[in-house]
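Subject: Structure handover

Hello,

Here is the structure for your set. Please load it first, then read the notes below.

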Amino acid sequence: MDLLTVETFTRPADDDGLRALLPTLGPDRTPLGGGSWLFSVPQPHLVGLVDLTALGWEPVVADAGGLTLAATATLATLADLDPSSYPEWPAVALFAGCCEALVGSRKIWHTATVGGNVCLALPAAPMVTLAAVLDGEATIWTPGGGSRRAPVVDLVVGAQRTSLAPGEVLRAIALPAAALRARTALRRASLSPLGRSASLLAGRRGPDGGFVLAVTAALPRPAVLRYDDVPPAGTLAADVEALGDAHGWYDDPHGTPAWRRAMTLRGAEEIRRELGEGR
Ligand SMILES: Cc1cc2nc3c(=O)[nH]c(=O)nc-3n(C[C@H](O)[C@H](O)[C@H](O)COP(=O)(O)OP(=O)(O)OC[C@H]3O[C@@H](n4cnc5c(N)ncnc54)[C@H](O)[C@@H]3O)c2cc1C
């Protein structure tokens, strides 16, 4: 939809151009990723947009330390990554599944960015799920010309709430090689096949046997459980229940809290069993 209150649209072509604009960002002047959300609902408070898509950031960079996803990488780019190109990193197979958890058309996937998905911070944000289970660390550019790093699981602090300060922009998310070496599993529940995720769980089990479970969509913010080995069913269920006690099961038209709790317990147990089989 047209955003009729927007008076300025700026498209920096390089990093210096963006850096110079960061101090001007705030509640009324915001970064534009793919715009799949910004242009989908009225934004009467907005007077300016700073488009990130002409910066030319390499979408996916692989090195010995792992994979770095640019904030401007589209979901389509991630979905199209060929896991067989990363034989040492089986967790790359999770990328397509997480993209599929955003049930939009491929048109949306070609537009929606990793950064927009994380910074919008919907409970059902699958890029948050991906980053949470793979120890994703965000690089955030700050308006003073510097940068800071934060685990993505701490960057998202509630439903549509992040710890980003005015003028801060998400630059990239680093996924460490140690996490990428893990086998992974994903479980999603929604009220209808094309509905928004009401519970979205991702698990990983590393070569050392360590087990990690990311719980998203059913809680207002992401949460991660970690174990040295696959835990007993009762332990995992109790720990999942404790997350619900701590954060509250999320409640919106995509699922009641009681149903989200039930689906989360079921998904967690399915992932526990799947990753518990062999190493
Ligand atoms: C059919 C359909 C289905 C959808 N399903 C889901 C779903 O299941 N889960 C879900 O989470 N979303 C869903 N969405 C919402 C939205 O499309 C996605 O969250 C998408 O990933 C947002 O990315 P974007 O790049 O288009 O963000 P934009 O719309 O460009 O921006 C979203 C927000 O993030 C901010 N932002 C963008 N990039 C940055 C950055 N680098 N640094 C700081 N702030 C930034 C913007 O200022 C804005 O506030 C859906 C949308 C549609 C149309």
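Two strands pair if DSSP finds at least two bridges between them. Helices (H or I, at least four residues) and strands (E, at least two) are DSSP runs, numbered from the N terminus.

On provenance: this is a predicted model, where local features need pLDDT of at least 70, side-chain atom pairs count only at pLDDT 80 or more, and totals for chains, interfaces and linings use all residues. Residues are numbered from 1 along each chain as its sequence is written, and side-chain values use heavy atoms, with hydrogens and water left out.

Overall picture

The protein has ten helices and 14 strands. Its C-alpha atoms fill a box of roughly 55 × 45 × 35 Å along the principal axes. The radius of gyration is 19 Å, which agrees with the value near 19 Å for a compact globule of 279 residues. That radius is taken over C-alpha atoms, and the globule rule is 2.2 Å times the number of residues to the power 0.38.

Of the 279 residues, 50% are buried. Buried means under 20% relative accessible area, exposed over 50%, partly exposed in between (1.4 Å probe, protein chains only). Take the contacts (heavy atoms within 4.5 Å) with a separation of 6 or more: residues 24 or more positions apart account for 63% of them.

Strand 13

Look at strand 13, residues 211–216. Six of its six residues are buried. In a regular strand, side chains alternate between the two faces of the sheet. Here both faces are covered: F211, L213 and V215 are buried on one side, and V212, A214 and T216 on the other.

Six residues separate strand 13 from strand 14.

Most residues other than glycine have a negative phi. A217 counts as buried, because its relative accessibility is 1%.

D135 also has a positive phi, near 55°. D135 sits in the loop between helix 6 (126–133) and strand 6 (137–141). Its relative accessibility is 27%, so D135 counts as partly exposed.

Best regards
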